[in-house]
Amino acid sequence: MQISINPKSSLLPPIILVLATCELNSVTINQQADGPSDPLLTLNDGTTVTGFKNVVIELVKRSDKHRSLLGANDADKKEVEKWLEFVSSIQPSDPKTWAHQLHKHNRTLLLQVFVVSNYLSIADIVFYAALHPIVSAWSEKERNIDGCITRWFDFVQHQTLVPKLLPHVEIKQDALPDERKPSTKPEPTTTTTTTTSTTETKGESSKPAESKKQEGGKNEKKQPSDKKEQGENKGEKKQGEKGEKGEKKQGNEKKEQGDNKGEKKQAEKGDKKEQGDKKEKKPQEPKKAPEAKKPTREGPPDVSWLEIRVGKILECSRHPDPAVKSLYVEQIDVGEAQPRTVVSGLVDFVPIDVMKGHRVALLCNLKPAKLRGVLSMAMVLAASTEDHKQVELVTPPEDAQIGERLYVEGFAGDFEKEIEKEAPI
């Protein structure tokens, strides 16, 4: 088989990594300056496969050992195909479009370890290869902007299954931000100002110019020509004073009426509130707790209900969320088509070098649960002292095979299909 592709195509690194992952050493790559930017696969019988997505799928299918990288079920296979189409659309020469797409997938990877489901797929490998030149060129600030993608990239480049063909990118995990933390931007404070207004009574001057004129008139020594004029002035003055008093009185009466109306409304509101309080509230019925899942067999639970199998830790790394300090995320082989993703709180007790490659006893029929955003599909068994200061992994017998079930002497019954973490066993 032969693949024709332009050497400057951004899809060349992903194709090379797919061939190395699937160990397809017989496939040759024909790089021509006038070759297509989209890979063209020519099979041994002369038929051709075009399009990045179709070529990758065809290559993985021809690797019996790694065919599971296309997805464990139909839903995952469709997701893998979507990611392959996305990678084929990557155009590093268009940074604006790229920035928008990466921000979108940065949110997608917030609570995911891998791009599809909870295991490594061919989508992770090709996306990693396509992003390699971009992440390599990022500054530390740019890596912090898309912190989830950066954490995912670093996690994938340390996977054993991923060939070390591309240069290792040194990433400081402690420098990456916690994407789930709320913004610490202070909320704007609102200031309420209370203004006091004064009402002028009628008869008092509200115009500064007129006040000055009246004051100037007092200083003048001008006397009326006769007593009659003085009398008229006095009469007018008294009438003016009476008018002012009358208007003041009317104003006070109106004010009192307004106060009485306000008190009346408040009283009515108070009565309505009391009437509302007097209404009896119907007692709420307590919510019924969900019924516990009934076991498939009768009798008291015992250790034989547990499906404990021999597993081997293929990969072990710290939890992708930097805010989580005590959890490991492992890929454990239990003899199934895909390794199981397992989250274990053993960081403070077992060094990561001891975890890697260690044979363990794995509780496999525990109900899957998300631990800080990562779906854990089993539980690594460990033993501790009463004070929980010393913890050691439970190591299976040396002659036990990977995937073999472990029994406790005297308890050889069938295990339950699924058990809850709180099951009294």
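Analyst: Here is a short chat about strands, a helix, cysteines and salt bridges.

User: What should I know before we start?
Analyst: This is a predicted model, where local features need pLDDT of at least 70 and side-chain atom pairs count only at pLDDT 80 or more, while totals for chains, interfaces and linings use all residues. Residues are numbered from 1 along each chain as its sequence is written, and side-chain values use heavy atoms, with hydrogens and water left out.

User: What does Gln-331 pair with in β7?
Analyst: Its bridge partner there is Thr-341. Between β6 and β7 there are 5 bridges, and the two strands run antiparallel. They form a hairpin with 6 residues between them, and Gly-335 in the turn has a positive phi of about 80 degrees.

User: Is β7 buried or exposed?
Analyst: Buried: that goes for 5 of the 5 residues of β7, so the strand is largely enclosed by the rest of the structure. Buried means under 20% relative accessible area, exposed means over 50%, and partly exposed is in between (1.4 Å probe, protein chains only).

User: Which way do the residues of β7 point?
Analyst: Arg-340, Val-342 and Ser-344 point one way, and Thr-341 and Val-343 point the other way. In a regular strand the side chains alternate between the two faces of the sheet.

User: Switching to helices, how many residues of α7 are buried?
Analyst: 11 of the 11 residues of α7 (residues 147-157) are buried, so this helix is largely enclosed by the rest of the structure. Among them are Trp-152, Phe-153 and Phe-155, along with Arg-151 and Asp-154.

User: Where is Leu-306?
Analyst: Leu-306 sits in the loop between α9 (227-278) and β5, and counts as buried at 16% relative accessibility. Leu-306 and Glu-418 are 112 residues apart in sequence, with 8.7 Å from C-alpha to C-alpha.

User: How many disulfides are there?
Analyst: A search of the whole structure finds 0, where a disulfide is a pair of cysteine sulfur atoms within 2.5 Å. As for cysteines, Cys-22 is buried at 3% relative accessible area, and Cys-364 is buried at 7%.

User: And how many salt bridges?
Analyst: The count comes to 7 salt bridges, each being a side-chain nitrogen of Lys or Arg within 4 Å of a carboxyl oxygen of Asp or Glu. One of them joins Glu-23 and Lys-65 (3.7 Å, N to O). Glu-23 lies in the loop between α1 (12-21) and β2 (28-31), and Lys-65 in the loop between α2 (52-61) and α3 (74-88), so the pair ties together parts that are 42 residues apart in sequence.

User: Are those two residues buried or exposed?
Analyst: Glu-23 is partly exposed at 46%, while Lys-65 is exposed at 62%.

User: What other salt bridges can you name?
Analyst: Glu-58 meets Arg-62 at 3.0 Å, N to O, and Arg-67 meets Asp-64, with the closest N and O atoms 2.8 Å apart. Arg-67 is partly exposed at 42%, whereas Asp-64 is exposed at 67%.

Methods
Helix = DSSP H or I, 4+ residues; strand = E, 2+ residues; numbered from the N terminus. Pairing = 2+ DSSP bridges.
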